Amino acid sequence: MSGVIRRETAVFLISVLHGAVLTLLYDFLRALRRSFRHSLSVLSAEDLFFWLLAGFLTFYLAFRETGGVIRGYVAAGILIGFLLYDFTLSPLVVKVLSRLFLLLQRIIGFPVRVILCAAKNILGFFCKINKGCRYFSLVFETAT
């Protein structure tokens, strides 16, 4: 096999791996979305950040491996990597990551709720004395 064919085969396999890694990164977002409530603006910001990162990484791959030349087999490799990962490992990874994020939410969430409740009670006490702390009560009503 000639050196050119070997190099193109290696670039193709790297692009397959690239597609799988991009899908793995998106699975982190999927798991976060299953575990935590997101507003539409946060969802949009997450997607924007992901696609900017994916575009940058794909550009870097094309620039580093093919000298910036767009090759069809690179795009095909990325698509094949996405499909292979998405139909094989992705459901399991999303399920495991979602459970891990929920566990972390329970572990971290309890102390945060205790601290917020204590702060609300302390500020409520001082506001009763001062009788003018409407701002603090609005903040803690929305936080808890």
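Here are a few questions and answers about how the helices cross and what lines the pocket.

This is a predicted model, where local features need pLDDT of at least 70, side-chain atom pairs count only at pLDDT 80 or more, and totals for chains, interfaces and linings use all residues. Residues are numbered from 1 along each chain as its sequence is written, and side-chain values use heavy atoms, leaving out hydrogens and water.

Q: Why is α1 called oblique to α3?
A: The axes of α1 (residues 3-35) and α3 (residues 72-88) cross at roughly 45°. Angles under 35 degrees count as roughly parallel, over 145 as roughly antiparallel, 65 to 115 as roughly perpendicular and the rest as oblique, so α1 is oblique to α3.

Q: What makes α1 roughly antiparallel to α2?
A: Their axes come within 11 Å and cross at roughly 170°. That angle makes α1 roughly antiparallel to α2.

Q: How do you know which residues of α1 and α2 meet?
A: Contact means heavy atoms within 4.5 Å. Among the residues that meet are L22 and Y26 in α1 and F50 and A54 in α2.

Q: What makes up the lining of the largest pocket, by helix?
A: α1, α2 (40-66) and α3 each supply at least two residues. Lining residues have an atom within 4 Å of a point of the pocket, and they include L22, Y26, F50, A54 and F82.

How values were computed. Axes are lines fitted to C-alpha atoms, for helices over the stretch in contact, and angles run from 0 to 180 degrees between N-to-C directions. Helices (H or I, at least four residues) and strands (E, at least two) are DSSP runs, numbered from the N terminus. On a 1 Å grid over the protein atoms alone, a cavity is a set of points where a 1.4 Å probe fits but cannot get out, and a pocket is an open set with protein on both sides within 12 Å along at least five of seven lines; lining residues have an atom within 4 Å of a point.
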